[in-house]
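I opened this entry to keep a record of what I looked up in one structure. The notes follow the order in which I went through it.

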Amino acid sequence: MSILRLILGDQLSQSISSLEGCDKSKEIILMCEVWEESTYVKHHKKKIAFLFSAMRHFAKELEKSGYNIEYTKLDDPNNTGSFRDEVERTLKKHNIESIVITHPGEYRVLANIKRWESEFGVPVEIRPDHRFLCTLEEFADWAKDRKQLRMEYFYRKIRKKYSILMDGDEPVGRKWNYDSENRNPPKEGLIISKPYISEIDDITRDVIKLVEKNFSNHFGDLEKNYFVVTRNHALKVLKLFIEQRLSNFGDYQDAMVEGEPWMYHSHISFYLNCGLLLPLECVKASVDAYHKGIAPINAVEGFIRQIIGWREFVRGIYWLKMPEYAKENFFKATRKLPDLYWTANTKMNCLHQCVSETKDNAYAHHIQRLMVLGNFSLLAGIDPLQVNEWFLIVYADAYEWVELPNVSGMILFADGGYLASKPYAAGGSYINKMSNYCKNCIYNVSKKNGPNACPFNYLYWDFLVRNRDKLQSNTRISMMYKSYDRMDSEKQKAIHDDSIKFFRDIENGTIV
């Protein structure tokens, strides 16, 4: 009798809980590339190639460490196409007494796994995912009896728990949060280092050919491969960030520059979310850099807040609120996702830049996602189901546990304020301040109305008017309604008419 241990494609860590206590001489490790996971949404080609190659490299590492690996490739003629059926096929081949798996990252996968015990007639042990710093039970206990959850207070709890940037009971520098210092617009002459690139080996070449053959109708390009696929290379990505980018990350983490998709960001979310890197080792590297004088406190604090704050926070909300959270639609938004999200065929330069870079890289940094791509989908009233699907498809670091709360809660305010205190809606002036996109745009960001006006300007006010009954009591927005009410009727009519025309053009397929 043996134990079957299943490792999913986002669990590529030798310290994963499903491997704990494994008897390498007897037990079987199952990994599989399956059609069901590749196509439940039409993932970006580069995302599929990255994960399949990382999985194959990880399986080789496990074999070298003495594990008994059974690995099913996508084009294996015996591949049944799903986790469930691959497990069943393995059970028929071997005398298995139980199944061990680490808690999956997505609700639909967990629901599937929970049926296996009755379907297969063997015990299934679902172990906690120790890669995260806050257990699901701990988060639920923290959230209990709170009407609204605020990341800042959760973040402080985790800082204290792990003594990160702490001086006794106080935060280093006597401030918990340096966000106000991390909003500098870009300036001329910034020197931005290139991202870490490793050589493409035979495994990755084979995977790219596989993806080209089988997923040709999926979004995205396979050229310009910036992703690494092993832990050793992921550690080099982290090291390069610490040495070359972290010092400027804080100042310019919100900045956007045409032709510079990577900016000063770390580019490690891909590797954190699939297991090649672990949160605490990334935090430790940045804190060490602070103590060595390599990076200032605002940069280091901003970086660790993304890892131990937002990342842990959105995971907690996901598991606390699913499955109902996926259906949230506070504004009753129903508009179809415009084709420009797939084609980048738009006269709005900010959207063109962000969609084009997403297509090329399966990546955009958080302000591009939130304040350009997300802001437009919020102002335009696009159906949250379609927006969530798009974000899940196009980014290589996207899994539902991290994507859904960020999109529904942060970007779309679809949960009505459970995650965020206000909608992150903005007109063209914000994008103009934080980027150089507007300089090369056919629209004039300083114009508020008319055919040459930046659409963000009138769509912002139209969004507020459409949703006044839901938002005017929000203390962080109420002043904007007073500003709108001071406008003369002609100005208000222009906002309405420009917005109606814009939406009509989108629906008619006109390039906007």
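**Sheet**

I began with a facing pair: L6 stands opposite I101, a residue of β4. I am working from a predicted model, in which local features need pLDDT of at least 70 and side-chain atom pairs count only at pLDDT 80 or more, while totals for chains, interfaces and linings use all residues. Residues are numbered from 1 along each chain as its sequence is written, and side-chain values use heavy atoms, with hydrogens and water left out. The strand and helix names come from DSSP runs numbered from the N terminus (helices are H or I with at least four residues, strands are E with at least two).

I then looked up how β1 and β4 pair, and found the parallel sense over five bridges. Two strands count as paired if DSSP finds at least two bridges between them. I noted the general point that strands of a sheet pair through backbone hydrogen bonds, either parallel or antiparallel.

In what order do the five strands of the open sheet lie? I read the order as β3-β2-β1-β4-β5, with parallel pairing. β3 and β5 (124–127) are the edge strands, each pairing on one side only. From one strand to the next the twist averages 25 degrees. For such angles, axes are lines fitted to C-alpha atoms, for helices over the stretch in contact, and the angles run from 0 to 180 degrees between N-to-C directions.

V100 stands opposite E125 in β5, and I99 stands opposite V124 in β5. I also checked how covered β4 is: six of its seven residues are buried. Buried means under 20% relative accessible area, exposed means over 50%, and partly exposed is in between (1.4 Å probe, protein chains only).

I compared the span of α2 (residues 45–64) with expectation. At 1.5 Å a residue its 20 residues should span 28 Å, and its end C-alpha atoms are 29 Å apart, which agrees. The expected span is 1.5 Å times one less than the number of residues. Is α2 largely enclosed or open? I counted 16 of its 20 residues as buried, so α2 is largely enclosed by the rest of the structure. After α2 comes G66, whose phi is positive, near 100 degrees.

In α3 (residues 83–93) I listed F83, E86, V87, T90 and L91 as buried. They cover an arc of only 140 degrees around the axis, which puts them on the same side of α3. The arc is that of the directions from the helix axis to the C-beta atoms. These buried residues pack against several elements, including β1 (2–6), β2 (28–32), β3 (68–72) and β4 (96–102). Contact here means heavy atoms within 4.5 Å.

**Two buried asparagines**

I found N298 in helix α12 (residues 297–321). At 7% relative accessibility, N298 counts as buried. Which side chains make polar contacts with the side chain of N298? I noted N182 at 2.9 Å and D251 at 3.1 Å. A polar contact is a pair of N or O atoms within 3.5 Å; within protein, one must be able to donate a hydrogen and the other to accept it, and residues adjacent in sequence count only if both atoms are side-chain atoms.

I next looked up N349, which is in helix α14 (residues 349–361). N349 counts as buried at 7% relative accessibility. Its side chain and that of E258 are joined by a polar contact of 3.1 Å. Not counting residues up to four places away in sequence, N349 touches E258, Y437, N440 and C441.

**Helix α22**

I closed with α22 (residues 489–507), which has 19 residues and reaches 27 Å from its first C-alpha to its last, close to the 27 Å expected. Its buried residues include I495, D498, F502 and I506. The face turned away from the buried side carries the exposed residues S489, E490, K493 and E507. D488 caps the N-terminal end of α22, with a side-chain oxygen 3.2 Å from the backbone nitrogen of E490. Just after α22, G509 takes a positive phi of about 85 degrees.
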